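User: I'd like to learn how to read a model like this one step by step. Could you walk me through it?

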Amino acid sequence: MILSDYIPGTGLLWRLPPGSKLLALAALGTLLLAVPRLDLAALTFAAVIALYLGSGLGWRVIWRILRPMLVILAIIAGAQWWLFDALSAAMVALRLAALLLFASLVTLTTRASDMIAAFERALFWLRPLGVNPAKVSLALSLALRFIPVLGAITAEVREAQRARGLERSVIATAVPVIVRLLKMADDIADAIEARGYDPAPQSPRPTGDTRP
């Protein structure tokens, strides 16, 4: 399930405010994109691995997150190698892997409700513009939760295509993954609508004489 990736814990990462972890994720992504250097990407990847090991999550969790995405990372790295060079391919692969692991670390150590609340507090400035921060925060939280789900779906599709002898076909893997993600998005939207979820603030009832 999308919202069941949280792992209960009492370590430092669990005690950090959700807003600080989301801010760190945004800052890390900005830094890696603004400074395209292989040594920075490698150092960031190593630091994120150290965070997993230091928090007690271990190599098994790291492998569970990265394994389904290896094909996608390999395709992206291969395209970079073909278009540019091997150093660019390694930099892009390490950068994406580091961001994927760090985003997953945020979801593993943050409850969904806390993450939504943090997004809502950070996006308060949208309300004067006519945008509901609660709805935007829900969308952003679900987007983060989709990261491990994407990996799991990709792994399932690859296993199914391997049984059919199509494991080397990019299209045979990509198309079912996209279809399943779109179907899942529709199911989530239907579930939210069926439960009558509407985070819009309720207008206060007028006070005064209520006689007919």
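Predicted model: local features only at pLDDT ≥ 70, side-chain atom pairs only at ≥ 80, totals over all residues.

User: Where does Thr109 sit, and is Thr109 buried or exposed?

Analyst: Start with the element, then turn to accessibility. Thr109 lies in the loop between helix 6 (86-108) and helix 7 (112-122). Its relative accessibility is 2%, and because the cut-off for buried is under 20%, Thr109 counts as buried.

User: Which residues does Thr109 touch, beyond those up to four places away in sequence?

Analyst: Setting sequence neighbours aside shows what the fold brings together. Here Thr109 touches Tyr6, Leu13, Trp14 and Lys21.

User: Let's zoom out. How many helices and strands does the protein chain have?

Analyst: The chain has 9 helices and 0 strands, so the order of elements from the N terminus on reads α-α-α-α-α-α-α-α-α. Of the 212 residues in the protein chain, 35% are buried. To see how far contacts reach along the sequence, take those between residues at least 6 apart: 70% of them join residues at least 24 apart.

User: What should I look for in the largest nonpolar core?

Analyst: Ask which members touch the most others, then which elements supply them. This core has 30 residues, and Tyr52, Leu57, Ile65 and Leu101 touch the most other members. The elements giving two or more residues to this core are helix 1 (12-15), helix 2 (18-34), helix 3 (38-54), helix 4 (58-66), helix 6 and helix 7. Helix 6 provides the largest share, with 9 residues.

User: Which residues is Leu101 in contact with, leaving aside neighbours within four places in sequence?

Analyst: Leu101 is in contact with Phe45, Val48, Ile49, Tyr52, Ile62, Ile65 and Leu66.

User: How do I read a helix pair, say helix 4 and helix 6?

Analyst: Take the axes and angle, then the handedness, then the residues that meet. The axes of helix 4 and helix 6 come within 10 Å and cross at roughly 115°. Helix 4 passes helix 6 in a right-handed crossing. On the helix 4 side, Val61, Ile62, Ile65 and Leu66 meet Ala97, Leu100, Leu101, Ser104 and Leu108 of helix 6.

User: And at what angle do helix 5 and helix 6 pack?

Analyst: These two pack at an angle of about 150°, with their axes 7 Å apart. Angles over 145 degrees count as roughly antiparallel, and helix 5 and helix 6 are therefore roughly antiparallel to each other. Their crossing is right-handed. Helix 5 contributes Leu73, Ile76, Ala77, Gln80 and Trp81 to the contact, while helix 6 contributes Ala86, Ser88, Ala89, Val92, Ala93, Leu96 and Ala97.

Notes:
Residues numbered from 1 in each chain as written. Heavy atoms only, no water. Helix = DSSP H or I, 4+ residues; strand = E, 2+ residues; numbered from the N terminus. Buried < 20%, exposed > 50% of the residue type's maximum accessible area, 1.4 Å probe, protein only. Contact = heavy atoms within 4.5 Å. Core = buried A, V, L, I, M, F, W, Y, C linked by side-chain atoms within 4.5 Å. Axes fitted to C-alpha atoms, helices over the stretch in contact; angles between N-to-C directions. Parallel < 35°, antiparallel > 145°, perpendicular 65-115°, else oblique. Left-handed = near helix turned anticlockwise from the far one by under 90°.
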